[in-house]
Amino acid sequence: MVTVGVIGCGYWGPNLIRNFVNLEDSQVKTCSDLLENRLAHMKRLYPSISTTTNFKEIIEDPDIEAVVIATPVSSHYPIAKEAIDAGKHVFVEKPLAHSVEKGAELVRLAREKGLILMVGHTFVYTAAVNKIKDLIWADELGEIFYISTSRVNLGIFQEDINVVWDLAPHDISIMNYILKSRPISVSAVGHSYIQPDIEDVAFLTLRYPNSVLANIQVSWLNPNKIRKTTVVGSKKMLVYDDVSSLEKIRIYDKGVTVTPHYDTFGEFQLSYRYGDISIPRLDDAEPLKIECQHFVDCIEKGEEPRSSGVHGLEVLLALDAADRSMKEHGKEIEIDYPEDIEF
């Protein structure tokens with residue numbers, strides 16, 4: 001049994017508690033929150049769990065092996081650092097920290113102490129994203145040309161981070177995972193329409209190796225909730241609609257072929273292909289359950305998590321570059337990966 005303490009019982013924390021409680025090889029001993037009413041709610045749901053308004057009680061408890069952090073972004077680093085310093089394995093919600101420097105420090109510290117550091121990039125545990133990854137690496141789509149994503153809705157407006165840090169981590173983590181790569185550079189434009197100096201709409205362009213382009217649109221200011229990703233390859237194209245309950249992935253046997261040899265411009269022709277649309281069957285297991293089980297398994301086996309601290313740091317580096325690009329009106333910013341960290 002891996003004994004877990006959960007810090008933060010607001011929006012996402014209760015979902016984490018529910019999953020760790022229901023796993024056969026983990027138990028939640030204590031949960032913490034600053035609000036008594038949230039703790040009272042958790043106590044009604046899980047009478048066996050102890051509660052506290054002081055998160056340090058969880059970190060200092062010798063019986064607790066792993067700390068799960070679901071608090072505001074600005075508190076991720078100080079809480080995670082305390083937990084790692086105390087010899088605890090750490091699962092922290094995305095993003096890993098509020099800056100590249102703090103995220104890199106957590107990665108180095110966890111590695112020095114031989115502890116598991118995992119980031120809550122839940123989408124890399126979904127059946128749909130893993131299906132896309134399998135299709136790409138089985139060469140079903142051919143050479144990947146570009147990926148385009150739209151992650152927009154009305155709210156929830158954050159006070160401590162902008163829309164890029166709130167929503168783009170999902171798509172950057174997905175792209176890094178399915179491409180088995182990381183971006184070379186980022187350019188971004190954004191604007192603050194509702195809250196001063198906190199961008200609520202942004203458009204990002206990421207350049208990956210092998211000339212793969214990725215475009216990300218994020219917004220808290222849209223009438224519809226859209227979670228759509230398009231992957232365009234040389235053989236086939238794919239659309240992933242996370243809002244759809246039944247047909248999350250559609251694979252289009254569509255493409256365009258350039259005539260291999262031609263002597264004059266008049267002979268230059270493009271051949272368009274319009275084939276079938278296929279809809280693969282996907283497992284309906286809850287991704288968060290898979291993610292929580294993976295964390296426990298990594299602790300027990302000493303393995304590197306799929307969404308490791310390094311994976312989380314890669315996302316932080318892209319977010320930081322996007323922020324700097326927005327301040328410089330869309331200038332393309334190259335990403336410098338720390339040389340002392342193995343990516």
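## A walk from the surface to the core

Let's start with Leu 221, which has 35% relative accessibility and so counts as partly exposed, since that label covers the range between under 20% for buried and over 50% for exposed. Keep in mind as you look around that this is a predicted model. Leu 221 sits in strand β11, which covers residues 221–233. Together with Leu 154, Tyr 193 and Ile 194, Leu 221 makes a nonpolar surface patch of about 440 Å².

Now let's head inside. In soluble globular proteins, nonpolar side chains tend to be buried together. Here, the largest nonpolar core holds 105 residues, and the ones touching the most other members are Phe 20, Val 164 and Leu 204. Helix α7, spanning residues 163–179, gives this core its largest share, with eleven residues.

Pick Leu 204 and see what's around it. Leaving aside residues up to four places away in sequence, Leu 204 touches Val 164 and Ala 168, then Ser 187 and Ala 188, then Ala 214, Asn 215, Ile 216 and Val 218, and finally Ala 322.

Next come the strands. Strand β8 (residues 185–191) and strand β9 (residues 201–208) run antiparallel and are joined by seven bridges. One spot to look at is Ser 187, whose bridge partner in β9 is Thr 205. β8 also pairs with strand β15 (residues 333–334), again in the antiparallel sense, over two bridges. There, Val 186 has Ile 333 in β15 as its bridge partner.

Over to a helix. In α6, which runs over residues 127–137, the buried residues are Ala 128, Val 129, Asn 130, Ile 132, Lys 133, Leu 135 and Ile 136. The spacing in that list is worth a look: an α-helix has 3.6 residues a turn, so residues three or four places apart point the same way. Just past the end of α6, Asp 139 takes a positive phi of about 65 degrees.

Our last stop is Glu 304, in the loop between α8 (287–301) and α9 (309–327). Is Glu 304 buried or exposed? With a relative accessible area of 52%, Glu 304 is exposed, because the cut-off for that label is over 50%. Glu 304 still has contacts: not counting residues up to four places away in sequence, it touches Arg 111, His 294, Cys 298 and Val 310. As for Glu 291, 13 residues away along the chain, its C-alpha atom and that of Glu 304 are separated by 13 Å.

Key:
Residues numbered from 1 in each chain as written. Predicted model: local features only at pLDDT ≥ 70, side-chain atom pairs only at ≥ 80, totals over all residues. Heavy atoms only, no water. Core = buried A, V, L, I, M, F, W, Y, C linked by side-chain atoms within 4.5 Å. Buried < 20%, exposed > 50% of the residue type's maximum accessible area, 1.4 Å probe, protein only. Helix = DSSP H or I, 4+ residues; strand = E, 2+ residues; numbered from the N terminus. Contact = heavy atoms within 4.5 Å. Patch = residues over 30% accessible without salt bridge, like charges linked within 9 Å, V, L, I, M, F, W, Y side chains within 5 Å. Areas by Shrake-Rupley, 256 points an atom, 1.4 Å probe, with all protein chains shown as cover. Salt bridge = Lys/Arg side-chain N within 4 Å of Asp/Glu carboxyl O. Pairing = 2+ DSSP bridges.
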